[in-house]
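Please walk me through this model in running paragraphs, beginning with a single residue and its surroundings and then widening the view to the helices, the chain and its backbone geometry.

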Amino acid sequence: MSGKCKRAALALCLAAALCLSGCLGGTGGAGGGGVNRPERVESAELQFTHPASGDTVAVFDTSMGVFRAVLFPEEAPQACANFIGLVQAGYYNGLTVSRVEAGFVVGAGRDANGGTATIWNGSGYPPEYTDKLHHYSGALCAAMSERGEGASVFYVMQTAPGMEQELLDQMAAQGWRQEIIDAYAAAGGAPYLDYTDTVFGQVYEGMETVDAIGAVGVDENQVPAEPVTIHSVTIETYP
């Protein structure tokens, strides 16, 4: 079995374990705007050692505040190229948040008719897996369609910091790298999503805004009862 297939199999095993323990979906007490997050996650993992000077960052200006994410074009080139191209075309400006699952994810990227877009005339791109990027809390991710392709839909992991020791022990038993386990223990996240879709960025500023969006009331389809608007998304270079 290849390394990529082995990691994917481990992720599926962990997902099953999380389902059995009632953690899949993460809609419990982790949600809400009052999430107590550390100012900094002490980890040498890529998502927590950036942004650095010259990095590409995305600035999300929403009706509930601003948050910023560093992008990783070397590790997720197609996801980043598509996202940056759509941002530069103004695609996200004026869209509303289309999915909120408190304590799990905040997502957007569908147009008013529920459609999606890509820079390749609507053609999707495959998931980009890497051991360098994971679904830690604050991860900026590209959602995959039922066909296993990415497009304009993205989500931010809004899970609370920390993780149950039992789950960390299961990850260790399944062969996960200790640095990843330690980062999940500090930041929180959803390891069962690793190697299923694409992580292409990490929120480094404004997680309180993401948490506030995660606390809004939603309907039966996890759509905010009162619209949360993305005024604009812009691409900048970190100083």
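This is a predicted model: local features need pLDDT of at least 70, side-chain atom pairs count only at pLDDT 80 or more; totals for chains, interfaces and linings use all residues.

Leaving aside neighbours within four places in sequence, Ala69 is in contact with Thr56, Val57, Ala58, Phe60, Leu140, Gln202, Val203 and Tyr204, where contact means heavy atoms within 4.5 Å. Ala69 lies in strand β2, which covers residues 65-71, and Ala69 is buried, with a relative accessible area of 0%; buried stands for under 20% relative accessible area, exposed for over 50% and partly exposed for what lies in between, calculated with a 1.4 Å probe on protein chains only.

Residues are numbered from 1 along each chain as its sequence is written, and side-chain values use heavy atoms, with hydrogens and water left out.

Over the whole protein chain there are 5 helices and 8 strands, taken as DSSP runs numbered from the N terminus, with helices being H or I of at least four residues and strands E of at least two. Along the sequence these elements follow the pattern α-β-β-α-β-β-β-β-α-α-β-α-β. Of the 239 residues, 46% count as buried, and residues 24 or more positions apart account for 76% of the contacts with a separation of 6 or more.

Turning to helix α4 (residues 178-187), its buried residues are Ile180, Ile181, Ala183, Tyr184 and Ala187. Seen down the axis of α4, these residues fall within an arc of 165 degrees, so they line one face of the helix; the arc is that of the directions from the helix axis to the C-beta atoms.

The buried residues of α4 pack against α3 (165-173). The axes of α3 and α4 come within 10 Å and cross at roughly 165 degrees, the axes being lines fitted to C-alpha atoms, for helices over the stretch in contact, and the angles running from 0 to 180 degrees between N-to-C directions. The two helices, α3 and α4, are therefore roughly antiparallel to each other, a term that applies to angles over 145 degrees. In this contact, α3 contributes Leu168, Met171 and Ala172, and α4 contributes Ile181, Tyr184 and Ala185. By class, the contact of α3 with α4 has 6 nonpolar, no polar and no charged residues, where Ala, Val, Leu, Ile, Met, Phe, Trp, Tyr, Cys and Pro count as nonpolar, Asp, Glu, Lys and Arg as charged, and the others, Gly among them, as polar.

The backbone also deserves attention. Most residues other than glycine have a negative phi, and most peptide bonds are trans. Just after α4, Gly188 takes a positive phi of about 80 degrees. Tyr195, although not a glycine, has a positive phi of about 65 degrees; Tyr195 is placed in the loop between α4 and β7 (198-205) and is buried, with a relative accessible area of 9%. Gln222 likewise has a positive phi, near 65 degrees, but Gln222 lies in the loop between α5 (207-214) and β8 (230-237) and is partly exposed, at a relative accessible area of 31%. Finally, a cis peptide bond with omega of about 15 degrees joins His50 and Pro51, and Pro51 is found in the loop between α1 (3-20) and β1 (56-62).

Notes:
Angles under 35 degrees count as roughly parallel, over 145 as roughly antiparallel, 65 to 115 as roughly perpendicular and the rest as oblique.
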